[in-house]
Amino acid sequence: DKYGFIGGAQKYSTESAQEVPLEVLRHREAKWLDMLNHWDKWISKRFKKVRLRCQKGIPPSLRGRAWLYLSGGKVKREQNSGKFKELDSMDGDPKWVDVIERDLHRQFPFHEMFVSRGGHGQQDLFRVLKAYTLYRPDEGYCQAQAPIAAVLLMHMPAEDAFWGLVQICEKYLPGYYSTGLEAIQLDGEILNALLKRVSPPAYRHLEKHKMEPILYMTEWFMCAFSRTLPWSSVLRVWDMFLCDGVKIIFRVGLVLLKSMLGSREKLKACPGQYETMELLRALEPHYMQEGFLVHQVLELPISSRDVEREHRVQLKRWRKIHGELSYKSPPRMHGAHAIMSAEPHTRQDLRQKPTIIVQYPLPSDTQSEFARIKKRSTIRKAPNPTVDIPNPYDISPVTSCTIFQTFFLFV
């Protein structure tokens, strides 16, 4: 299908996705290109507009590039130039290498990138995961990191995917993949407390049957719903997640729990713990549809402050029962704005480095249209007769056909 799936539960279906008209898509691409070329200004001065555009959905042609910028992976890569190449050339710890190799074929086996054993997708996935174990030997490898890395690899080259994974593990979901899984257990308690406020019937039902959050939310949160939702919904959730942080993951979990367990009629179908678990394992397709899910997520009044407030409450409670956390994870960053504000960067770190540059003469009618659009632009751009078409993939040799196709896609 258009996402690369040749079968499986996440294969594209018109029922689960919203089609964007081509004219609207091209208009959004132009807006995103402008934002990415002036990222520091947009993220610091007009972040609400960036958030709104992420909520509408990032254009597929620019999604990988946008994710790298939102997560702070672009800055991280530039400030650690050559680091991935160095890690890639090293031998991994045999303990982790063996586990990673056994996991490769389990990651999206119906996707064209990962369908072949030893294919380019599995090779890149191995490189990214092995490099992470060398980058963070204290944390090593956790199986839930594999689908996260695989989703990133579907949209960007291995080096970019590595830095995207680093940012998700260190900034968005710190402590999730460390031994003991204390951070995910703590977030399970936060989810439960927020559910009490959002959907009292669902909360009472889960409490009545003594269903710990860790039983049903672990894969949801640790894989950022990449193994749960239809693919069109996964992409929309990730667009918002990388913009606004973990509150989006909490909102998605709360919407699903409220939808499945939020009324008496629905609770009649699951009188016990076993039936409830089966219900949450087989979520109704309607509740996972892109249109329904995104609308409900945006309507749910759960903010980053709510998450942090509940985190302090649950952490205090945890210490009373279990003592101090054994793994001291860094503080959680709530989205792109917080990450960019916390990490010093230069304009050079955000500058594009295209691998294909096409020079072309503008026809007179195109020039007048370009000038008209430029006057309306909120951020002025210096005139540039050379169009830089960023392409993160090394293509050699580059044929004239390839250049034309790339030029047509972006212009």
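## Aromatic pairs and a helix contact

Trp163 counts as buried, at 0% relative accessibility (buried means under 20% relative accessible area, with a 1.4 Å probe and protein chains only). This is a predicted model, in which local features need pLDDT of at least 70 and side-chain atom pairs count only at pLDDT 80 or more, while totals for chains, interfaces and linings use all residues. Residues are numbered from 1 along each chain as its sequence is written, and side-chain values use heavy atoms, leaving out hydrogens and water.

A search of the whole structure finds 17 aromatic pairs, where rings of Phe, Tyr and Trp (its six-membered ring) pair if their centres lie within 6.5 Å, and planes over 60 degrees apart count as edge-to-face. Two of them are tabulated.

| Pair | Centre to centre | Angle between planes | Arrangement |
|---|---|---|---|
| Tyr135 and Trp163 | 5.6 Å | 85° | edge-to-face |
| Phe221 and Phe250 | 5.1 Å | 85° | edge-to-face |

Because Tyr135 lies in helix α8 (residues 120-135) and Trp163 in helix α10 (residues 158-172), their pair ties together parts that are 28 residues apart in sequence; helices here are DSSP runs (H or I, at least four residues), numbered from the N terminus. Phe221 belongs to helix α13 (residues 214-222) and Phe250 to helix α15 (residues 247-261), so this pair joins parts 29 residues apart in sequence. Phe221 is buried, with a relative accessible area of 0%, and Phe250 is buried, with a relative accessible area of 0%. Ring pairs also link Phe221 and Phe250 into a cluster with Tyr216, Trp220 and Phe225.

How values were computed:
Rings of Phe, Tyr and Trp (its six-membered ring) pair if their centres lie within 6.5 Å; planes under 30 degrees apart count as stacked, over 60 as edge-to-face and the rest as tilted. Helices (H or I, at least four residues) and strands (E, at least two) are DSSP runs, numbered from the N terminus. Buried means under 20% relative accessible area, exposed over 50%, partly exposed in between (1.4 Å probe, protein chains only).
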